[in-house]
Amino acid sequence: MIKVFSTTPRIVMGPGAAKTIGEEVKSRGVRKALIVTDKGCIAAGLVSTIEQSLKASGIRYGIFDGVEPDPRYEIVADCVNMVRAEKARMLIGVGGGSPMDITKTAAVMAVNKPPVGQYFGINLIPKPGLPAILIPTTAGTGSEVTPIAILSDEGEKLKKGIVSPYLYPALGIVDPELTLGLPPHVTAATGMDALIHGIEAYTSINATGITDMFCERAIRLIYNNIRTAFAKGDDIQARTAMMEGALLAGIGFANAGVTAVHAFAYPIGAEFHIPHGVANTLMLPHVIRYNVLGNLDKFAKLAEPFGIPTGRLDQLQIVDRVIQAIDRLADDLRVPRHLKDFGVKDKDIDMLADGVMKVTRLLANNPRTLYLQDAKQIYRAAL
Ligand SMILES: [Fe+2]
């Protein structure tokens, strides 16, 4: 079968990498850029590091700080207006998944005809956009290496994806120093999201030898460092390992896709505003229990990066240990484990299950075919 592998063409990584932004922009002949971020990143002082470097290289810039969590797609138009007003020739996204996804989408919408809503789906964007540079401030989304942007449609109460090779940034700058101040609950939720990217891409029906290579290292790095990063936020070694893990998991899922855990997380994220990483973590053990039969071999192989001794156990017994390890990890990281903690009730399940069945883009990658009845059972198990 013919497979395609692609990723961001240039990645600058390591402690202090963010300070290279000025020279990176200058080397591309750009004199005016727009930083796209949110107010949290500005308050945390993360944007000032970027600003100092741009100033030192003589780059002029504007700042769009109107990105909100789970951003509505309408924000893209606000951002494009500012690109035009500032006459910016490049966008620099600084933040977690939300600012980076708005940056990628605004960069292409600065060139393509509105409205953005017509481009939800796969390969629907006609033309490449302005160049974008993405600088993640969490070890989570991997957006700096994916051709995907996730935006909220408030009208339909759904999170929708735009997938296009034109969403790849020109450059990703991956600097673990930007994550040193993340509070433990954010480290936990975003880190679990990254771990789940690795697990889902590894067990996707579209996994290849190349994506497995990225996912295996991603899972190992994240699983073995996330507790330290959670407990000792200033541990630069753990933060560096988490940042690399999230990057590699992003490369894996950009090419192999994520599966039903993310599909289940979208309706509860959109409807009950459960943070993406928490929604994924909450669904993970229940979806794995369902998916195991679709790819027993791969789920059992997770024992290796998890460091689980397998001895004389058969594959089903090994998978039970893997699920136990995931439960233990989520407990250690104090991620909420029940939908009812967020106000979800039994009467909501039919509507949520209908929502999952609409996420066909991800269910197409799932190792086991999902039916509506199963979707209801899986949500009920997570209540
Ligand atoms: Fe995710």
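1. Two strands pair if DSSP finds at least two bridges between them. Strands here are DSSP runs of E with at least two residues, and helices are runs of H or I with at least four, numbered from the N terminus. The model is predicted: local features need pLDDT of at least 70 and side-chain atom pairs pLDDT 80 or more, while totals for chains, interfaces and linings use all residues. Residues are numbered from 1 along each chain as its sequence is written, and side-chain values use heavy atoms, without hydrogens and water.

2. Strand β7 (residues 148-153) is joined by six bridges to strand β8 (residues 158-163), and the two run antiparallel.

3. Six of the six residues of β7 are buried, so the strand is largely enclosed by the rest of the structure. Buried means under 20% relative accessible area (1.4 Å probe, protein chains only). In a regular strand, side chains alternate between the two faces of the sheet. Ile148, Ile150 and Ser152 are buried on one side of β7, and Ala149, Leu151 and Asp153 on the other.

4. Helices α9 (residues 260-272) and α10 (residues 276-291) have axes that come within 8 Å and cross at roughly 135 degrees. Axes are lines fitted to C-alpha atoms over the stretch in contact, with angles from 0 to 180 degrees between N-to-C directions. The helices are therefore oblique to each other, a class left after roughly parallel (under 35 degrees), roughly antiparallel (over 145) and roughly perpendicular (65 to 115).

Methods. Buried means under 20% relative accessible area, exposed over 50%, partly exposed in between (1.4 Å probe, protein chains only).
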